[in-house]
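This short report goes through a few features of one protein model. Look at the sequence and the structure first, then read on.

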Amino acid sequence: MKYSAETIVEALTVVCICVISILGNGSLFIIVYKKSALHTVCNYYILSLATADLLVSTISGPVMVTTILNGDWVLSDDACKVLGFITIITFIASVANLAMIAINRYYYIVHWKSYKNCFNNKRAVAYGAIVWLFAILLSTPPLLGWGQYGYVKEQSFCFVIWSANIYYMFFTVIICFFGPLGTMAFCYYKILSFTKALKARLHKDSEKNDDESRPKSSFKNSMRGISPAETKITNTLLLVVVCFVMSWSAFAFTIFLNVYLPGKVPRAINKWSLILGYLNSMMNPAIYGIRNPTFKDGFSDLWKCFLCVPCRGDGIYVTSAATTSSVDDSHAARDIGKPPLFSKAKVTPK
């Protein structure tokens, strides 16, 4: 069978995205597992987000490559329904995990007094489970007759046939996309407003020289959210959200175009809007690796060992003195989120 240049480019692009995504998101699990400094609530949700990306890269992506090369769906209708169900679960879980990360960050900075109570170990795990339950429940209606799963030829994958029930389309877009995005916008707006007001207060107090101007203990605790490290963490998480929106906006737009202008959207726009969305699955590990020193060190050490470069320390990779020492408040400069989700084990050199 001869393939067109367009088909080859599309298939190779999806293959590259899947491979990079699997390597990047898989590495996140190893790095977080090995580095006790990264055993935090927020990183738990980051791994939950990575799970959704891995499902895209190991299930949806490879099947899409097969359909691109064959030019049509080659499996059964039931297999198509299952794949469509899994695909929309990963999409909803991704945006819901981003919303949970934003909520976690909001409580950590703005409501820091109640953070440890609201996000203790049991509640943090429960919130993570609710995110996936939310995704599963909202993906179920087409299996029960409200909406329909089927093969979308223009995009070479199985998904919801939105034209089968536009009410389910609007329900899904509003509840599963704009709902979480609204939550994220609210949380990050409150975070930025809080830190701005805190900086203004700090600047005002710094202009006073008497002893009364010294910040009280509670004020000092609230100031953690405006440290350079914490500001960078917030900006990193905000960047993850921006990349997600930019990656999937084109695909969301084509949904409406295909419903109200059937057959009018060029094949290339349909196909590449979806590929652009899949591209998001490999972006997050890169963002963490570039902007967070602990993740950056973890990626570097892990892949040096994988490529047979002599490793330091315990044979897999070693952490720096800052990450292997006991974790205190100053360690927030290296972490994404507090408090720890798992117990911290001290690392002793061999």
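## A nonpolar patch

Helix 6 (residues 166-206) is the largest contributor to the nonpolar patch, with six residues; helices are DSSP runs of H or I, at least four residues, numbered from the N terminus. The patch covers about 890 Å² of surface and is made by W146, I166, Y167, F170, I174, I175, F178, Y260 and L261.

This is a predicted model, in which local features need pLDDT of at least 70 and side-chain atom pairs pLDDT 80 or more, while totals for chains, interfaces and linings use all residues. Residues are numbered from 1 along each chain as its sequence is written, and side-chain values use heavy atoms, without hydrogens and water.

## Two leucines

L261 lies in the loop between helix 8 (228-260) and helix 9 (267-279). L261 is partly exposed, with a relative accessible area of 41%. Buried means under 20%, exposed over 50%, and partly exposed in between (1.4 Å probe, protein chains only).

L98 sits in helix 3 (residues 77-109) and is buried, at 2% relative accessible area. Leaving out residues up to four places away in sequence, L98 touches L49, M184, V240, V241 and F244; contact means heavy atoms within 4.5 Å. L98 and V241 are 143 residues apart in sequence, but their C-alpha atoms are 6.8 Å apart in space.

## Helix 11

Helix 11 covers residues 293-306. Its buried residues include T294, F295, G298 and F299. At the start of helix 11, a side-chain oxygen of N292 comes to within 3.1 Å of the backbone nitrogen of T294.

Notes: Patches are made of residues with over 30% relative accessible area and no salt bridge: like charges are joined within 9 Å, nonpolar side chains (Val, Leu, Ile, Met, Phe, Trp, Tyr) within 5 Å. Accessible areas come from the Shrake-Rupley method with a 1.4 Å probe; for residues, only the protein chains shown count as cover. A salt bridge is a side-chain nitrogen of Lys or Arg within 4 Å of a carboxyl oxygen of Asp or Glu. The expected span of a helix is 1.5 Å times one less than its number of residues. A polar contact is a pair of N or O atoms within 3.5 Å; within protein, one must be able to donate a hydrogen and the other to accept it, and residues adjacent in sequence count only if both atoms are side-chain atoms.
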